[in-house]
Amino acid sequence: MYLTRSEIKLMRIFWNNNRPLSSGDLITINTDGFERIAALHSIINSLLDKGAIREAGIHKAGKSMGRMFAAEYSLEEYLGELIDPVHDFIDYHLLFQKILEKTDFRKEESGCCDTEEKAFHVAE
């Protein structure tokens with residue numbers, strides 16, 4: 001399954017929070033913001049169509065009801081699916097070397113990670 005940059009941006013929120021989220025939650029959590037609420041709903045619908053997320057319940061927001069969404073796949077499962085068609089041709093030594101070159105193993109001082117969470121971040 002191919003995900004666009006906007007879809008990956010939204011999936012990162014699901015992967016980092018590991019719980020069902022409403023569209024309001026996604027707006028609140030997303031520090032970059034979405035230009036339009038309609039764009040957010042378009043991305044959500046695209047991820048639903050691709051099977052990357054699923055409906056995970058309903059919540060009450062004021063007088064209205066809203067859907068909750070959850071990731072269908074973990075980040076690791078998504079990456080595994082991307083690699084699967086070409087795994088016979090991959091030089092894993094070179095792949096991991098390239099990953100390590102782009103990985104910062106220092107803890108972020110911003111407090112974004114607990115000690116029980118991943119201890120490294122991939123450079124963007």
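Which residues have the most contacts inside the largest nonpolar core?

Good morning. The structure above is a predicted model, in which local features need pLDDT of at least 70 and side-chain atom pairs count only at pLDDT 80 or more, while totals for chains, interfaces and linings use all residues. Residues are numbered from 1 along each chain as its sequence is written, and side-chain values use heavy atoms, with hydrogens and water left out.

Let me begin with the outline. The chain has five helices and five strands; these are DSSP runs, numbered from the N terminus, with helices being H or I of at least four residues and strands being E of at least two. Read from the N terminus, the order of elements is α-β-α-α-β-β-α-α-β-β. Of the 124 residues in the chain, 21% are buried, where buried means under 20% relative accessible area, exposed means over 50%, and partly exposed lies in between (1.4 Å probe, protein chains only).

Now to the opening question. The largest nonpolar core has 16 residues, and those with the most contacts inside it are Leu10, Met11, Phe14, Leu26, Ile44, Leu47 and Ile53. A nonpolar core is a set of buried Ala, Val, Leu, Ile, Met, Phe, Trp, Tyr and Cys residues joined through side-chain atoms within 4.5 Å. Helices α1 and α3 each supply at least two residues of this core, and α1 gives the most, with five. Contact, here and below, means heavy atoms within 4.5 Å. Beyond its neighbours within four places in sequence, Met11 touches Leu3, Leu47, Ala52, Ile53, Ala71 and Tyr73.

Next, the sheet. Three strands form an open sheet in the order β1-β3-β2, with antiparallel pairing; two strands pair if DSSP finds at least two bridges between them. Strands β1 (21–22) and β2 (53–61) stand at the edges with a single partner strand each, so one side of each has no neighbour in the sheet. Between β1 and β3 (residues 64–71) there are two bridges, in the antiparallel sense, and Ser22 stands opposite Met68 in β3. Helix α1 (residues 5–17) packs on this sheet, touching β1, β2 and β3, and its direction makes about 85° with that of β3. Helix α3 (residues 37–50) also packs there, touching β2 and β3, at about 135° to the direction of β2.

How do the two helices meet? They pack at an angle of about 85°, with their axes 10 Å apart; axes are lines fitted to C-alpha atoms, for helices over the stretch in contact, and angles run from 0 to 180 degrees between N-to-C directions. The two are therefore roughly perpendicular, a term for angles of 65 to 115 degrees. Ser6, Glu7, Leu10 and Met11 in α1 meet Leu40, Ile43, Ile44, Ser46, Leu47 and Lys50 in α3.

Finally, consider Asn18, in the loop between α1 and β1. Asn18 is exposed, at 71% relative accessibility. Its phi is near 50°, a positive value in a residue other than glycine. Most residues other than glycine have a negative phi. Thank you.

Technical notes
Parallel < 35°, antiparallel > 145°, perpendicular 65-115°, else oblique.
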